[in-house]
Amino acid sequence: MAKRIAIIEDEAAIRDNYAAAFKREGYNVDAFDAREPALNAFDSRLPDLVVIDVNLRDDIEGGFELCRELRARSADLPIIFLTARDSEFDAVSGLRLGADDYLTKDISLPHLMARIAALFRRLDAMQKPQAANSSIRRGDLAIDTERMTVHWRDQAVGLTLTEFWLVHVMARYPGHVKNRQQLMDAAQAVLDDNTITSHIKRIRRKFMAIDADFNAIETVYGMGYRWLSD
Amino acid sequence: MTLKRQLLLVSLLALLLPWAGCEFIRETESALRTGQQQMLAGTARALASTMATRGNDYPPGLDPSIDSLAGEQHYIHALAKPPTIDGYFDDWLLSPDSLRSMRGADGPIQMAMGSYGRMLYLYVDVRDRNVVYATAQTMILDDGPRYADRVSLVSLDPPEPEVQFVFAAEAPGAIISYRKDAFGFEPEPGISARWQDGPLGYRLEAQIPRNLLGRNLGLIIGNTSSESQRATRSSSYSGPSPAPAVALSKSLNAAVAELVQPGMRIIITDASGWRIAAGGELSAATTTGSPENGWSNRIYDLLVEGGEDAESAEPDPSGREQQPYVSAATSGREMAGWFRGEQSGRAIVAVAAPVGNDGEVLGALIVQQGTDAILSLTNEGLARLINLTLIVTLLVAGALIGYASWLSRRIRRLSIAAEDALLNETLHAALPSALAVDEIGDLSRSFSNVLRQLGDYNAYLRSLASKLSHELRTPLAIVTSSLENLEHEDLNAASAGYTARAREGADRLRRILSAMSEASRVEELMEHGDPESFDLRAVLQSTVAAYRDVYKDRKFEFETSLAEAKVTGSPELLIQMLDKLADNAVDFSDSGDTIKLRLEAEGNHLLLAVTNPGPPLPEKMRTQLFDSMVSVRGGENTRHLGLGLYVARLIAEGHGGSISAENVEGGVSFVIQLPAQDSR
């Protein structure tokens, strides 16, 4: 059965373009231009994945509000923010509300599709028993590539999709410096220096929340980042 | 001309106040003096008319035809005690100035006459190179063939014939004098005289009973160099007979003594100015200024008009009063004089009034009164008023000058603060005098307004890029998503080409927008990032190594004398800043050029310089270079919006440092100053 994606976007042209793209990939699409009609529709049926714009016409923070309500209804519904707002503060706010990813509208359609596919793949993997061969271990780090989860010292680290991919690409070959291009390719996104810096900072913080002495990600100034494994 | 100087110049007008004060003092002084003079003149006139009734006591005026001979009259000084007849003048108790001088054959001849009781005293000092003593023969005859030095006193009481008393010496010492008249030549026993030789000549002193003498007196000195030489005669009068001698009038003196008041001196002269009566003393009481007023006395001394020397107001020792005001009175005109002591503070007001009957001037009456040199000081109230005026004037002048400098300081402070605000871009800072209610306060507030608007405008300009990129992002998303959808449609080769080109353009647009919003993302990162402590030297080494990889056609050199350079902040951002500078350096240099990085410590700062060979910066761009959307490049390179150096500046300033650019030998150097971390 085809997956159902809901897109809530006030800009008709973008909404239609994304809807067309999703349909082309074989998804069913529900498109809404505001929070209220979307919530009304979700009352009868929740979609499998939601793409939300933060700024919904006059409802400036409507996207965040919608995310909060959806997360209240379902803990594992994948939610992606797709917005023109690229400030660090908005990104942090969105992710704190339980979104799986926070993307700016710079992202290309293929990249967006890759993410959506990955999120559905993870959703499927969650429902199956854990496969033994899908896991990578690097010291205290355990990566489940199917479920796209990361554990540090056997505790789950809640990473977004982008963050997961970044950790994954670094940890696969410990000691190798990954430069910006490599990180961008892995994360299926166009990232500038500042965005990468922010991502790495957030990842470190999440690990440090479990282990205050975490220092496995090393900055190689001017080059990139590498995973240190002991 | 600065405002301060202008105000200073204007405040110089305040000096008119002390000037006016001085004028006031002078005016007052002059008015007071005039008052005193008028009062004294009144007294003088009254006394003069009293004295005029005693016309008989006045010696008859000289015949107007021989008026010019008044100077040849002999004055008979009133002596305080009878002198000893010894040939010396000391015991006459007169000033040497009392001696009358005339020209003699061998030098000046000095002579004086005095009276005491019924005696007339004569003193003659003759210069004589060769004193020729008389013999019995030459004693009597003085018209040849033999001669001697002799002094003759000529006495005349018209219309009686002339009598001469002849003094000649056979030897120095007491001598016998002879009376010579129409009847003959014989010794005069009533006269005692003494002849005294001196190194320069001889002196004669004689005592003669008044009753032997007439009213007109004269002296003839005969001088010869040897007995056989005819004597040269020097005469004290030029006419055929001597003029009347003048002496104090006893009756007038007595009258004056009755009239005189304490502190006042009265002198009466005859028509030629010879003193014939005098009385009274100037009191000494007014001659001293109180010590505590010493300084103000000196100031006033400089201010008020000076008079003639007080000494010249004293009775003339020669017996003849020749002050201009006396001369005026003897010619019938009343006149006042003002005499002022040099230091004593003593001054004399004098008035001379003519004494006369029916237009005939008998003489002059002089009234003198001692007073304070600075009259206005004697009036205590007035002195206080003047002092107060002076003090107030000085205070006002001082206050005006102080106010002027205060005003100009406020304006200068305002202008400096405004310039500082403009320079440091603290455009919202409060300016001085902002709360003042005067015009400077208004000016300050207008300045603040202008600066604030400028600041808002600058802030708007700075945020323009990120706002613009933000606004453009949605339409760009429409374009790119449409193009991406379009690529999945069936397109012919031409359409595919167009689409690809459109994608390319959209991609470039996206990169531009991303660069435009970079500044705001950097600001955000600095606001939220947690600063860490790191070694800038290590970071630089690693970064420079990376540049060598990225820019293969440039050489990179990194020099530092520091073993470690601890800095607090974000290494990523500093690298980003360095990226901008490296990018800039590469753009402005040629292939194969060497880009130098140098890290130095200066005080508690670190200086990081990135120097590249290349064209110098235009001087006027040097400070604007780091502003948003300012670029020195030509139009060719569209990739540059002039945001790179602005981002570099944001990062440097976010780390508490600064960035500047300067032209160096053959290139351009960008210098970042960063605070060094305390190495504790």
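User: Which residues is Ile651(B) in contact with, leaving aside its neighbours within four places in sequence?
Analyst: In this predicted model, Ile651(B) is in contact with Val522(B), Leu573(B), Leu574(B), Gln576(B) and Met577(B).

User: What makes these pairs contacts?
Analyst: Two residues are in contact if their C-beta atoms, placed from the backbone, lie within 7 Å. Val522(B) and Met577(B) are among the partners of Ile651(B), so their C-beta atoms lie within 7 Å of that of Ile651(B).

User: How do you know that helix H12 and helix H13 of chain B come together, and which residues make the contact?
Analyst: The axes of H12(B), residues 571-588, and H13(B), residues 644-654, come within 9 Å and cross at roughly 145 degrees. H12(B) contributes residues including Leu573(B), Leu574(B), Gln576(B) and Met577(B), while Ile651(B) is one of those from H13(B). The residues of this contact divide into nine nonpolar, three polar and two charged.

User: Is the crossing of H12(B) and H13(B) left-handed or right-handed?
Analyst: H12(B) passes H13(B) in a left-handed crossing.

User: What is the place of Ile651(B) in the largest nonpolar core?
Analyst: Of the 109 residues in that core, Ile5(A) and Ile651(B) touch the most other members. The largest share, nine residues, comes from H12(B). A second, separate core of 85 residues includes Ala231(B), Ala347(B), Ala350(B) and Val355(B).

User: Why are E6(A) and E7(A) called paired?
Analyst: Pairing needs at least two bridges. Four bridges join E6(A) to E7(A), residues 141-144, so the two strands pair. They run antiparallel, and Arg137(A) has Ala142(A) in E7(A) as its bridge partner.

User: What makes E6(A) and E9(A) edge strands?
Analyst: The open sheet has the order E6-E7-E8-E9 in chain A. E6(A) and E9(A) each pair on one side only.

User: How many residues of chain A are in contact with chain B, and which element supplies the largest share?
Analyst: 25 residues of chain A are in contact with 30 residues of chain B. On the chain A side, the largest share is seven residues from H1(A).

Terms used
Residues numbered from 1 in each chain as written. Chains lettered and ligands numbered in written order. Predicted model: local features only at pLDDT ≥ 70, side-chain atom pairs only at ≥ 80, totals over all residues. Axes fitted to C-alpha atoms, helices over the stretch in contact; angles between N-to-C directions. Left-handed = near helix turned anticlockwise from the far one by under 90°. Nonpolar A, V, L, I, M, F, W, Y, C, P; charged D, E, K, R; others polar. Core = buried A, V, L, I, M, F, W, Y, C linked by C-beta atoms within 7 Å. Buried ≥ 20, exposed ≤ 12 C-beta atoms within 10 Å, placed from the backbone.
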